[in-house]
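Let's walk through this one together, with a few questions to guide the eye.

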Amino acid sequence: MSNAKLAKDFEKIVGAGNVMHEEADLHAYSYDSAVLDPQVPALVIKPTTTEQLGPVTALCNEHGLPMTVRGAGTNLSGGTIPHPGGVVVLTNGLNKILEINEEDLYAVVEPGVVTAQFAAQVASKGLFYPPDPGSQAVSTIGGNVAENAGGLRGLKYGVTKDYVMGMDFYDAHGDLIKSGSRTVKCVTGYNLAGLMVASEGTLGVFSNIILKLVPPPKASKAMMAIFPNVQTASETVAAIIANHIVPCTLEFLDNSVIRYVEDFTKAGLPTDAGAILLIEVDGHQAEVIEDAQKVVDICTKCGAKEVKMAETAEEREALWFARRNALPSLARAKPTTVLEDATVPRSQIPAMMEGLDKIAKKYKLDIGTFGHAGDGNLHPTILCDNRDKEEFHRVEEAVDEIFDVALSLKGTLSGEHGIGMAKSKWMEKETSKATLEYSLKMKRAIDPKGILNPTKIIGDV
Amino acid sequence: MEDLKQLAQNLMELDDQMVACMKCGMCQAVCPVFAETMQEADVTRGKIALLEKLAHEMVKDADQVNDKLNRCLLCGSCAANCPSGVKIMDIFMKARVIVTQFKGLSATKKMIFKGLLTRPKLFNTLTEMSAKFQGPFAKIADQASGAASCAMLNPLLGERHFMPLAKKPFRKDYPQLDTPRGKSGLKVAFYPGCVVDKMFPNVGHAAIKILEHHGVGIFLPKGQACCGIPTLASGDQDTMVSLMKQNIKAFENGTFDYLVTPCATCTATLHETWPKMIDNEDPVFVEKVKDLAAKTMDINAFLVDIVGVKAPAEPKKGGKVVTYHDPCHLSKSLGVAAQPRTLLKLSDNVEFKEMNEANRCCGCGGSFNLYHYDLSKSIGERKAGNVRDAGADIAATGCPACMMQLGDMLSQTGGGVEVKHVLEIYADSL
Ligand SMILES: Cc1cc2nc3c(=O)[nH]c(=O)nc-3n(C[C@H](O)[C@H](O)[C@H](O)COP(=O)(O)OP(=O)(O)OC[C@H]3O[C@@H](n4cnc5c(N)ncnc54)[C@H](O)[C@@H]3O)c2cc1C
Ligand code: SF4
Ligand code: SF4
Ligand code: SF4
């Protein structure tokens, strides 16, 4: 069927003006935040009510049209790069917060609600929605759920999946499926909402999502610990956890990142430090004071050269300034920033760092590493120029090897950025042939024509 | 569109700058146009992607890309927040020049830019004549902001509540000035800018009063021309350069420490944009431009940072409530935000109150307002709402273009709020 005729059919569902098919518009939806080749869709469709998601999906299925749902397009694994000739379905028109329930501590939102705006609304009611991916100023709740996004507070408060209580979604035929509930406990049927988490748009199209809220912590304290080398810093991470203190945030910056950040911000960071840890504890006032002191003691005992405690709000702000500027500083250094998120058990961080060091030398690449040390979730970031074919080839080889090392340390391909197109070829290596087969069988049964974001995660059906 | 290949090749000049965009999408959080349309082609990332694709000949329809490129206020909000430090404004300006070289200027723009702006005398005469004729037709729509509406001009101006041209332009009262340094020991060149000259002469008068009060000598030469930003935003770099030449000529015979302007856009243009547009000019001229650019300063910043006007220990209470809108070209391009607030807090008879999103673009964007009025209006209405929510009697700002937009928006949303330049308020309290 011609695109013009198809466009008309979609217009009947979403209304004229909500189907885009001009060349420039199509090209504007051909990429996301991953460093991968763009692919141009045939149509871009913008539903204005969640109910329209059903018939839109049904029409795609009828024509065997591949469809890719797009939130803010900030994912780093190519999850929203469309299938050539397929359609892109935008959720940014579905951005209503339907309910914030202060008595029962939950909220119901449409999938296109922007994470930070939601968190701010929740905070204005005196409650707390902790997942805070670095992209929260623009990322959507639908995208967060589909990628199981995590953030700086993951260590203590968990990631997006820990806050999904239930969800309505449309299956490949456009029928509405309901799962989970507004109750804290719910074992009615399969945990389909759980299945949707991290599914990257390959198993269903989310409509309304029920999220858990928590009371905010009463107090918090932040500090920066300066270490002579990566080794002592990562031993400290293990020691803090082993002492049964769970900071809300425990972030790591290696020497190369410290130097880039200092270059760019002139914030006065210790450029001769091997690594720094940025640590924040929160909870009740008394507990915070006690935990903070324990953390200082542990850091000192493990070999920290210095621990700087933030005494005022400004000092706390200054500490997090460094962390927030890690990516920007690296991004300014070279044209292309390949940000990976290989994750290892916490005790393996020293080994992982050693591995990264060897890889950087072997492939003659500039790699800066920062990340969520408390979760073992590191972001080795390769600085390069993807127009330089030869160099970029080395980058690809280095990335392969980074995963090899992470897997050999009993780690995982992705701590938070998802598999998408970028890492699907690695799936079998981390899991098993049977795991992949199981997933493929499930996908075939649920989505026989393979229209839901094909090729992502598990490759071609 | 004549030769796509050539266009693509020229755009490749920008490739090194464009490749710095890592497509992180963080610009979606701050782009006022995107907030209205939620379309990827309207946000920075989308525009850069389209330019890249045009440069690499992956997109064929240059007109479509050009349309998207022009749906932009050039407010710089994205550049100020871009984690990669992409030189977004440079890319957009240069891309407009490159595309315009191929498409050519529209007949109207050619007439206005080449025929009018480069001939300040003719421009002045024409606007004076219009000022005389507009009287009988324009009726004041909102007494407070001074905005007018005019049924006869609707085909041209739509439903806008525009600022009428001043009966007597600033230039008539001050054709030129050259006063000695006073107690401050400082001397400045004064560049009012066209909008102050023709629409808001009071702002010019306020500036003179303030400078005299602080004992600052003033050099105000004849023959000043427009800063050229409207022409550059339309891709006409040539006219901008000829306007620069006229201005350089006007100022080259004076001695002064700084050049100050009450127009945020002029300040940013002289200080930042001029030095970037002179690659192919002769070295003597280049030196002069760089010298003048380095001396150019926003007048609020001059008063606080150089003259040393200090914030009061206790903010004043009582009087009319005044709030402040940050012009993009002051806060985002030049980082001037505290100084105008200092002056407001110092002023008698007003009480300063911060509004929400003070730093958000008002939606004017020069010719953006002409070609995309609906978008401009919805962005402006949000600003008007914030002004009203602050309970302000006066909306103050530091850019005459913002004053026009604020006047239109506040007038159309019920009126009753005065629109003033910070200098007018500060001058009144002296
Ligand atoms: C600067 C930067 C910092 C980042 N920091 C973090 C971080 O700290 N932690 C982290 O985890 N990630 C981070 N990310 C990655 C990314 O922001 C997250 O993966 C985020 O959750 C994506 O949200 P989105 O709305 O942009 O989704 P998109 O990128 O639009 O989509 C992501 C996936 O979700 C699917 N999807 C979206 N909506 C739906 C729906 N309604 N139904 C079904 N499928 C859907 C899409 O098809 C796609 O596969 C970062 C990215 C950037 C650019
Ligand atoms: S914020 Fe900067 S780097 Fe990120 S997409 Fe926008 S322009 Fe590109
Ligand atoms: S300059 Fe302003 S309007 Fe233009 S893309 Fe940037 S933020 Fe949007
Ligand atoms: S901003 Fe406007 S008023 Fe100021 S000089 Fe430029 S064109 Fe003239």
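Below are some questions with their answers. This is a predicted model, in which local features need pLDDT of at least 70, side-chain atom pairs count only at pLDDT 80 or more, and totals for chains, interfaces and linings use all residues. Residues are numbered from 1 along each chain as its sequence is written, chains are lettered from A and ligands numbered from 1 in the order in which they are written, and side-chain values use heavy atoms, without hydrogens and water.

Q: How many charged residues are in the shell around ligand 4?
A: The residues surrounding ligand 4 (near means a heavy atom within 4 Å) include C194(B), C226(B) and C263(B). Nonpolar here means Ala, Val, Leu, Ile, Met, Phe, Trp, Tyr, Cys and Pro; charged means Asp, Glu, Lys and Arg; the others, Gly among them, are polar. The shell has nine nonpolar residues, two polar ones and, as for charged residues, none.

Q: Which strands stand at the edges of the sheet in chain B?
A: Four strands of chain B form an open sheet in the order 9-8-10-11, with parallel pairing; strands are DSSP E runs of at least two residues, numbered from the N terminus, and a pair needs at least two DSSP bridges. Each edge strand has a single partner, so one of its sides lacks a neighbour in the sheet; these are strand 9 (350-352) and strand 11 (418-421).

Q: How many salt bridges are there between chain A and chain B?
A: A salt bridge puts a side-chain nitrogen of Lys or Arg within 4 Å of a carboxyl oxygen of Asp or Glu. E40(B) and R70(A) form one, with their closest N and O atoms 3.4 Å apart. The count between the two chains is four.
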